[in-house]
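Student: I would like to work through this model with you, one question at a time. Please show it first.

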Amino acid sequence: MTKKGVIIVWKPLDFIDCKRYEVHPSGLIRNSVTGRILKPSHDRDGYCLVNLYTESSGYKKVKSFRVHVLVAKAFLSNPDNSRTVNHKDTNKDNNCVDNLEWATDKQNVGHGHITGAYSQRISKDKYYCVQEAIRMGKTYASIREEFGVSVNTISKMKKNPVSWEEYYGQECND
């Protein structure tokens, strides 16, 4: 499809068993059968989500996908097999391929601190206290109440138990 000499490229989402959907470099997702552009919602972290019927379930099961990840998988090479997609301008609504890049978790967190997207970080002492509470098997709710950190932060710390420096990136010193 051409509009004023510009080629509009849509790619199928066949890499996630959603062959009836396509993604555009601007971050739009559409149903390739009807041509309808899907309206994204937002998850609890503020990322744009679309609900898609998966082909493997006979179009009967709906699964949510983050739009920026779909755009990156369709249009950006990932030679290092990074698992995180970074928004360069920190705007989670800007899912244009030019605003996205593959990054390690460490690079993504470091970028957030450099740009100010992660304006609050916990102190080194508190970080290690939270890690100890996680190791002791305390509940997320009790850790959140005791230390004043989000469940999301606790979950990330549990999944990736690294040093405070690694968690916040090399450029953060305290």
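Student: In β8, which residue is the bridge partner of L52?

Tutor: This is a predicted model, in which local features need pLDDT of at least 70, side-chain atom pairs count only at pLDDT 80 or more, and totals for chains, interfaces and linings use all residues. Residues are numbered from 1 along each chain as its sequence is written, and side-chain values use heavy atoms, with hydrogens and water left out. Strand β7 (residues 48-53) and β8 run antiparallel, joined by five bridges; strands here are DSSP runs of E, at least two residues long, and helices are runs of H or I, at least four long, both numbered from the N terminus. In β8, the partner of L52 is K63.

Student: Which residue in β4 is the bridge partner of P12?

Tutor: β3 and strand β4 (residues 18-23) pair in the antiparallel sense. Three bridges join them. The partner of P12 is E22.

Student: With which residue does the side chain of E22 meet in a salt bridge?

Tutor: A salt bridge needs a side-chain nitrogen of Lys or Arg within 4 Å of a carboxyl oxygen of Asp or Glu. By this rule the count comes to six. For E22, the N to O distance is 2.6 Å, and both residues of the pair are buried. The partner is R30.

Student: How far apart in sequence are the parts that R83 and D105 tie together?

Tutor: The closest N and O atoms of this salt bridge are 2.4 Å apart. At 68% relative accessibility R83 is exposed, while D105 is partly exposed at 25%; buried means under 20% relative accessible area, exposed over 50%, partly exposed in between (1.4 Å probe, protein chains only). R83 lies in the loop between α1 and β9 and D105 in helix α2 (residues 105-115), so the pair ties together parts whose separation is 22 residues.

Student: Is N86 buried or exposed?

Tutor: N86 is found in strand β9 (residues 84-87). Leaving aside neighbours within four places in sequence, N86 contacts N99, L100, E101, A103, N108 and H111. Its relative accessible area is 4%, so N86 is buried.

Student: Which residues does S26 touch, not counting those up to four places away in sequence?

Tutor: S26 sits in the loop between β4 and β5. At 36% relative accessibility, S26 is partly exposed. S26 and W10 are 16 residues apart in sequence, with C-alpha atoms 9.8 Å apart. The residues that S26 touches are N95 and C96.

Student: How many disulfides does a search of the whole structure find?

Tutor: A disulfide is a pair of cysteine sulfur atoms within 2.5 Å. Among the cysteines, C48 is buried at 6% relative accessibility, and C129 is partly exposed at 38%. The search finds zero.

Student: What share of the residues of the protein chain count as buried?

Tutor: The chain comes to six helices and 10 strands. Of its contacts with a separation of 6 or more, residues 24 or more positions apart account for 41%. Of the 174 residues, the buried share is 37%.

Definitions and conventions. Two strands pair if DSSP finds at least two bridges between them. Contact means heavy atoms within 4.5 Å.
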